Amino acid sequence: MTATVDVVAAIRVKTPAGGLRHNLRAVRVVWQREMIRFTRDRLRIITSLIQPVLFLFVLGTGLSTITAGSTHSVNLRTFMYPGALSMAVLFTAMFSAASIVWDREFGFLREMLVAPVSRWSIVVGKCLGGATTASLQGVIILLLAGVVGVPYSPTMMLTVFGELLLLAFTLTAFGVMTAARITQFQAFMALNQMLLMPLFFLSGALFPLGNLPGWLQVLTRIDPLTYAVDPVRRAIFAHLHASPAIVARLNPGVTWGSYRVSTALELVIVAAMGAVMLGIGIWQFRSAD
Amino acid sequence: MGACGKTPRVPDNRCPTTCRDHSGGTTTTTTQSVANAVSVDRLTKRYGDLTAVDSVSFDVTAGEIFGFLGPNGAGKSTTIKMLCTLAEPTGGTATVAGYDVRREQGSVRRNIGLVFQDPTLDQYLTADQNLRMHAELYGVPRAELKDRMTHVLEMVGLADRRSALVSTYSGGMRRRLEIARGMLHAPRVLFLDEPTVGLDPQTRSSIWNYINDLRKREDITIFLTTHYMDEAEYCDRIAIMDHGRIVVLDTPEALKAGVGEDRVQITTVDDAAAIAALQDRFGVTARFAEGQLTFSVPAGEQFVPRLFAELGVGIKSVSVSRPSLDDVFMAHTGTTIRDAESGGGRELMKMFGARRRL
């Protein structure tokens with residue numbers, strides 16, 4: 001055996017006893033895996049962009065022929081643009097969370113669960129990975145701004161990107177929270193379908209949130225996605241040239257009674273929800289063994 | 001290198017086995033000296049009314065290949081899951097690599113490697129990336145990572161395919177990669193749960209070459225579960241498990257010697273009459289198993305002519321064999337492994353099939 005010395009040296013691998021640094025390494029590697037899988041899966045990137053594009057250019061263009069009268073100078077597509085951005089983020093974030101169930105069903109999750117890392121690092125890595133990949137999808141739609149009449153202002157782009165990142169994180173945390181205990185991929189997808197449509201329809205992506213009948217008014221205020229779409233819409237409208245009347249009609253913001261919720265508060269709400277759902281997700285993961 | 005043939009650990013020059021050459025005459029007993037790699041005391045696991053593992057106790061010495069033999073549903077996988085901290089014991093205690101499986105989970109995990117039947121590789125990553133990920137999760141120091149990865153890949157013969165996606169690997173290659181990955185962080189105990197199930201004979205034999213090689217090259221204890229008798233022959237000691245209990249535990253040779261007698265199997269035209277005749281005329285109790293009558297006699301070859309002359313029932317075929325582990329199993333549990341699997345074990349199998357998922 002010629003390699004005895006190497007063998008002796010090799011078997012001295014000493015793995016450290018836990019600690020924050022080790023867990024952060026785990027967070028990083030889980031994040032890296034998400035990124036590798038995302039960049040490799042080109043087909044997925046393209047197909048998950050089709051929906052927002054269809055939404056914006058087919059639905060938007062078609063419906064704008066009916067709504068032109070009431071939106072005047074602002075094209076319906078411009079109005080729906082924040083919705084398209086959220087849609088891109090929403091689907092990707094959910095898919096990321098669904099991959100947990102996929103991993104569980106096809107074994108890879110056990111490799112992570114049996115490793116000497118805390119559960120929280122796996123969950124956080126997953127959420128960060130999902131947030132990054134979903135935001136990247138959002139960025140691709142963001143690059144289409146000019147096509148829908150939104151100027152390419154750097155400040156606006158950066159603001160919107162930041163808001164999308166926050167949204168992506170919260171959505172992934174939501175997905176991870178629901179995926180923590182589900183064992184079958186199909187069950188998760190079914191749950192997904194059930195939730196995504198109501199969340200999206202009630203978010204103000206498709207219609208302004210002022211002057212709605214009572215019951216609808218209440219429902220839209222409860223929808224968490226509303227508080228993510230509104231800041232994006234405000235940021236975009238701040239850079240449009242439109243009369244104040246139109247802006248008031250199309251961008252009334254989210255009102256609780258007579259109080260118009262400020263952007264800062266909206267972002268805090270989204271962030272807080274993300275944190276809470278992350279916490280619940282970690283807790284669920286701890287007990288899923 | 002001392003008489004034991006193993007290289008001592010640096011820097012304390014302690015020998016992995018208890019060989020005099022390296023201990024320098026003094027016996028230094030540290031807490032992690034030649035203590036048992038795995039120590040189990042009355043370990044129990046209950047799922048509601050069902051007792052999957054019933055108060056099992058045994059010890060595994062450091063450096064040995066220890067086998068758990070038994071049909072599906074016997075409780076082997078459940079036991080191994082408890083030892084790997086994947087399942088919570090209902091009762092009893094167990095220590096692995098010196099750490100308690102209930103209270104020191106992190107330490108247990110750091111010191112064990114797992115290779116299970118279900119694949120746990122990420123098919124969309126390359127072999128390198130899979131190994132890298134494992135290394136990060138286990139905290140393998142960066143300085144040693146590269147060499148260690150090359151070492152394990154060479155050990156299983158996959159070094160030239162390391163940059164290929166795992167989806168391009170055959171079943172045997174994936175299993176080898178899993179073994180390499182399980183070894184990456186140099187664990188003290190390697191758990192192999194049915195490591196060659198579903199593989200063709202050639203791959204099975206080459207994987208066993210790697211495992212035996214592994215044992216010689218690294219200071220490691222291998223804990224194995226299997227329902228293949230031929231695999232059990234590789235083990236230093238075997239525990240036979242049935243219905244959640246350990247029926248017997250010893251070296252394969254001792255177990256076979258314990259059964260002692262030759263096994264004679266015959267097929268007859270009238271099994272019931274044959275059984276009666278064997279009992280009356282020869283005082284031999286025969287069992288019916290797998291379509292044949294089986295019984296044990298001290299000298300099988302001398303017995304056969306007598307059998308033909310005196311049985312009085314037509315015999316269609318006869319075979320005489322020395323004791324095998326199948327006979328050991330039969331002697332201790334009353335069934336062959338195949339019969340045990342197709343019989344009452346089915347209910348247990350279904351339960352564990354559903355439970356295996358996390």
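How many bridges join strand β9 (residues 237-242) of chain B to strand β10 (residues 245-250) of chain B?

**Figure 1. Confidence of the predicted complex.** For the complex as a whole, the predictor reports a pTM of 0.76 and an ipTM of 0.80. The average pLDDT of chain A is 85, and 93% of its residues score at least 70. Residues 1-11 of chain A have a pLDDT below 50, and this stretch has eleven contacts in the model beyond near neighbours in sequence. Chain B has an average pLDDT of 81, with 84% of the residues at 70 or above, that is, scoring at least 70. Within chain B, the element with the lowest mean pLDDT (40) is helix α1 (residues 20-23), while helix α4 (residues 127-138) has the highest (94). Residues 344-358 of chain B are also below 50 in pLDDT, with 19 contacts in the model beyond near neighbours in sequence. A further stretch of chain B, residues 7-33, stays under 50, and the model gives this stretch 32 contacts beyond four places in sequence. Where pLDDT is low, the coordinates of a prediction should not be read in detail.

**Figure 2. Chain A and its elements.** Twelve helices and two strands make up the elements of chain A. Read from the N terminus, their order is α-α-α-α-α-α-α-α-α-α-α-β-β-α. Along the principal axes, the C-alpha atoms of chain A fill a box of roughly 85 × 35 × 35 Å.

**Figure 3. Helices α10 and α12 of chain A.** Helix α10 (residues 226-237) of chain A crosses helix α12 (residues 263-287) of chain A at roughly 145°, and their axes come within 8 Å. The crossing of α10(A) and α12(A) is left-handed. On the α10(A) side, the contact is made by A:Y227, A:A228, A:D230, A:P231 and A:R234; on the α12(A) side, by A:T263, A:E266, A:L267, A:I269 and A:V270. The residues in this contact of α10(A) with α12(A) are six nonpolar, one polar and three charged.

Figure 4. Helix α2 (residues 20-40) of chain A packs with α4(B) at an angle of about 155°, the two axes being 8 Å apart. At that angle, α2(A) and α4(B) are therefore roughly antiparallel to each other. The crossing of α2(A) and α4(B) is left-handed. Chain A contributes A:R25, A:A26, A:V29, A:R33 and A:I36 of α2(A) to the contact, and chain B contributes B:Q129, B:M133, B:E136 and B:L137 of α4(B). By class, the contact of α2(A) with α4(B) holds five nonpolar, one polar and three charged residues.

**Figure 5. The four-stranded sheet of chain B.** The strands of this open sheet follow the order β2-β1-β4-β5 (chain B), with antiparallel pairing. Each of β2 (50-61) and β5 (99-100) of chain B has a single partner strand, so these two stand at the edges, with one side left without a neighbour in the sheet. Eight bridges join strand β1 (residues 36-47) of chain B to β2(B) in the antiparallel sense. In this pairing, B:R46 has B:T51 of β2(B) as its bridge partner. Helix α2 (residues 76-83) of chain B lies across β1, β2 and β4 (91-96) of chain B and runs at about 120° to β1(B).

**Figure 6. The six-stranded sheet of chain B.** This open sheet has the strand order β6-β7-β8-β3-β9-β10 (chain B) and mixed pairing. Its edge strands, β6 (112-115) and β10 of chain B, each pair on one side only. From one strand to the next, the twist averages 15°. β6(B) and strand β7 (residues 189-193) of chain B are parallel and pair over four bridges. B:L114 stands opposite B:F191 in β7(B). Helix α6 (residues 171-183) of chain B packs on the sheet and touches β6 and β7 of chain B, its direction making about 170° with that of β6(B). Helix α2(B) lies across β3 (65-69), β7, β8 (221-226) and β9 of chain B, at about 150° to β7(B).

**Figure 7. The β9-β10 hairpin of chain B.** Strands β9 and β10 of chain B run antiparallel and are joined by five bridges. Opposite B:I238 stands B:D250 in β10(B). The hairpin of β9(B) and β10(B) has two residues between the strands, and B:H243 takes a positive phi near 50°.

Key. Residues numbered from 1 in each chain as written. Chains lettered and ligands numbered in written order. Predicted model: local features only at pLDDT ≥ 70, side-chain atom pairs only at ≥ 80, totals over all residues. pLDDT = per-residue confidence, 0-100. Contact = placed C-beta atoms within 7 Å. Pairing = 2+ DSSP bridges. Axes fitted to C-alpha atoms, helices over the stretch in contact; angles between N-to-C directions. Left-handed = near helix turned anticlockwise from the far one by under 90°. Nonpolar A, V, L, I, M, F, W, Y, C, P; charged D, E, K, R; others polar. Parallel < 35°, antiparallel > 145°, perpendicular 65-115°, else oblique.
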